[in-house]
Amino acid sequence: MRWSFPTAIARAYRTMSDCGRLQFFPSSYPDESLFSLVARYHRLSGHHDDRDTLHELFGKHTQIVSSHLPSLLDTLVSRLPRAMALDAQDIVDRHTLFPYYRPFLTERQVALSLAVMKGPSASGLKTLMGLIASQVGGENCYRYCEQCSEQDVELVGQPYWHRAHQLPAVHICAQHGTPLVELAASWVAQHRHQLFLPADKEVIRHAKHIFVSEQHREEMLAFSILSRQVLNSRLDIIPTRRLQDLYRSLASDLGFTHAGGRVKVVELSQRVRQQVSSLSASGAMQCLQRPASGPLEWAISLLRKSRNSSHPLKHLVLLRCLNGKIEHFLTAANETVKISRPFNRPLPSPAATSSVNQLRTMLLDHQYSLRRCAQLLGKSVTTLRIEAAQGGIPVAKRPKKLDGPTVAILTKALQSSTSLETLARRHQTSTVSLYRLLRMCPDAAQVREKLIFVNQRNRRRRRFVGGHPTILPRARADYAWLHRYDREWLTQTIEATPRRLIVHTARIDWGRRDQEKADAVRECSRGLYALEKPIRVSRSAIGRKIGCLAVLEKHLIKLPLTAVALAECVETTAQFQCRRLSWAARQMYQQGLPPSWQLMHMARLRPPLAKEVELLLNRLVNRY
């Protein structure tokens, strides 16, 4: 029986590996990812199929190798040669992206994440690390730099996948400053069990350059360098309190905090929004720009006490915004950050001196009250009281007691629906005093509550009756309140209102979409059946190929033509196995009379087989 040279090597190698450990494993290159290591081993081992390599290294031919956050590391370490002296922690630190995420996780998250990566499945790992909740996501990207690939060929003889190129929102090579080349996500999803390298023809054919405009290139390069520094620094866990102190210290140096240490939310949000806009508007960066106006909660929360971890991308963007460097993270990881000026009182500026003089004129010359000055200057009474004390301005204290006639006037005034703020301004008193009077006079409080309720009920009735006629009563804004506090009137009003015919206009033309999807399904199935190496034509394969798998899974009942097309095109397991057997027989025709087990191995079939598959297998063996 004749054997091809790679097949013979593979059989001999599998025999040598029966002891449980591999006889060799390639040494890693600088910054090489785990996926690249496994792909290079596959080329050196001579295995005919990628799944053979996966089964040999991980014990599962269905294992999906990921350089970002892999699993089954204990199994891989147990099969490596003893001379390598490599453990799971070394693989995590040197060949995955976990060192990029570790500084910003909690101790519990790090311990559980390492346990998951050593275990049999990485399912739920990204949720555990908070990547899904961060809205940034944790997709597995495959990017490479063309200049780095040429340099790899000169140094080590072949290009490989670099970890630094796979970091989130890194679109420019930190070493050469050129845009990276990214592999199409749809192609990766269809070949998730395949081990490929940047020099493969299929990879080059399905990859394209990432567009980075000239105005964004300089800032994106600086961001790529910072991301690579975080990855290579192997930082330990940085406590959230230290990160908060670090950001507050940097914000204080730039004037984004008040004298008392409070953050200037509006000014800081504007600064962060400008920083994000200077970066490329990729999918990861788009979520950091929302909302378009107002405070950026994700940035402000990093300066406040928080029990949740945040995506490293947010920390790096905020650090760049505050003119920080990697040395700040190194310092925060090793010692407590000393806040420079969050609570020190700054020297009085000329503007502050002018404000004190203006306050002195109002209080002493014009005899204004402190509340009147606060209204005119647009400040709070407490702030003006502090400024007056600092400037040595005497402030008359408001009497704490109300006389009898004043109490009678205020009690009568409270028996109305006028707001307490308006009454306080009208009678030159405070809202606190009015609240105290309401507690002292329950009869006045009861009358006031009844008047407020009646006014609110009448206002909601008018708004409910005057609502848009196309909106159903239950969908109107005041329905819940009226149903709870004024149900009798609500029922009578709804019964007396004539029903209107509401015409629902569909936002999606399902008929046209059905015809389009049906044509796309038939065209895609023809392309899948025409492939040289058969793959199973299933609903999932077709849906991923045409980019509407979710529509086929959730809304197929609205697409009858598409359902018919799928029923015509999709093949059963037995039909797919028959196609694989026919293909394997054609491939092995030149090797002589193949036995049945060799045909089954070439077609990747396992017993037991369906009856029609066994009949075809016997016919093929007898034919050749």
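**Figure 1. Confidence across the predicted model.** A word on how to read the legends: residues are numbered from 1 along each chain as its sequence is written, and side-chain values use heavy atoms, with hydrogens and water left out. Because this is a predicted model, local features need pLDDT of at least 70 and side-chain atom pairs count only at pLDDT 80 or more, while totals for chains, interfaces and linings use all residues.

**Figure 2. The whole protein at a glance.** Welcome to the overall view, with 34 helices and three strands. Helices (H or I, at least four residues) and strands (E, at least two) are DSSP runs, numbered from the N terminus. Of the 624 residues in the protein, 42% are buried; buried means under 20% relative accessible area, exposed over 50%, and partly exposed in between (1.4 Å probe, protein chains only). Among the contacts with a separation of 6 or more, 66% join residues 24 or more positions apart. The protein exposes about 35,500 Å², and carbon and sulfur atoms supply 52% of that area. Accessible areas come from the Shrake-Rupley method with a 1.4 Å probe; for residues, only the protein chains shown count as cover.

**Figure 3. Helix H14 and its buried side.** Helix H14 covers residues 265-277, which makes 13 residues. Look along H14 for the buried residues Leu 268, Ser 269, Val 272, Arg 273, Gln 275 and Val 276. They lie on the same side of H14 because they cover an arc of only 160° around the axis (the arc is that of the directions from the helix axis to the C-beta atoms). On the face turned away from this buried side, H14 carries the exposed residues Val 266 and Gln 274.

Figure 4. Ile 300 is found in helix H16, residues 297-302. With a relative accessible area of 2%, Ile 300 is buried. Leaving aside residues up to four places away in sequence, Ile 300 touches Val 265, Leu 268 and Ser 269. Leu 268 and Ser 269 are among the buried residues of H14. Ile 300 and Val 263 are 37 residues apart in sequence, and their C-alpha atoms are 8.1 Å apart in space.

Figure 5. Helix H21 spans residues 381-391, and its buried residues are Leu 384, Glu 387 and Ala 388. These residues cover an arc of only 100° around the axis, so they sit on the same side of H21. Thr 382, Ala 389 and Gln 390 are exposed on the other side of H21. Gly 392 follows H21, and its phi is positive, near 70°.

**Figure 6. Cysteines without disulfides.** A search of the whole structure finds zero disulfides (a disulfide is a pair of cysteine sulfur atoms within 2.5 Å). For Cys 173, the nearest cysteine sulfur is that of Cys 148, 3.5 Å away. Cys 173 counts as buried, at 1% relative accessibility. For Cys 569, the nearest cysteine sulfur belongs to Cys 524 and is 8.9 Å away. Cys 569 is also buried, with a relative accessible area of 9%.

Figure 7. Asn 323 lies in the loop between helix H17 (312-321) and helix H18 (326-334). Its phi is near 60°, a positive value in a residue other than glycine, and Asn 323 is partly exposed, with a relative accessible area of 47%. Gln 428 is placed in the loop between helix H23 (420-426) and helix H24 (431-440). The phi of Gln 428 is positive too, near 55°, and Gln 428 is exposed, with a relative accessible area of 67%. Pro 608 is found in the loop between helix H33 (596-602) and helix H34 (611-623). The peptide bond from Pro 607 to Pro 608 is cis, with omega near 0°.

Key. The expected span of a helix is 1.5 Å times one less than its number of residues. Contact means heavy atoms within 4.5 Å.
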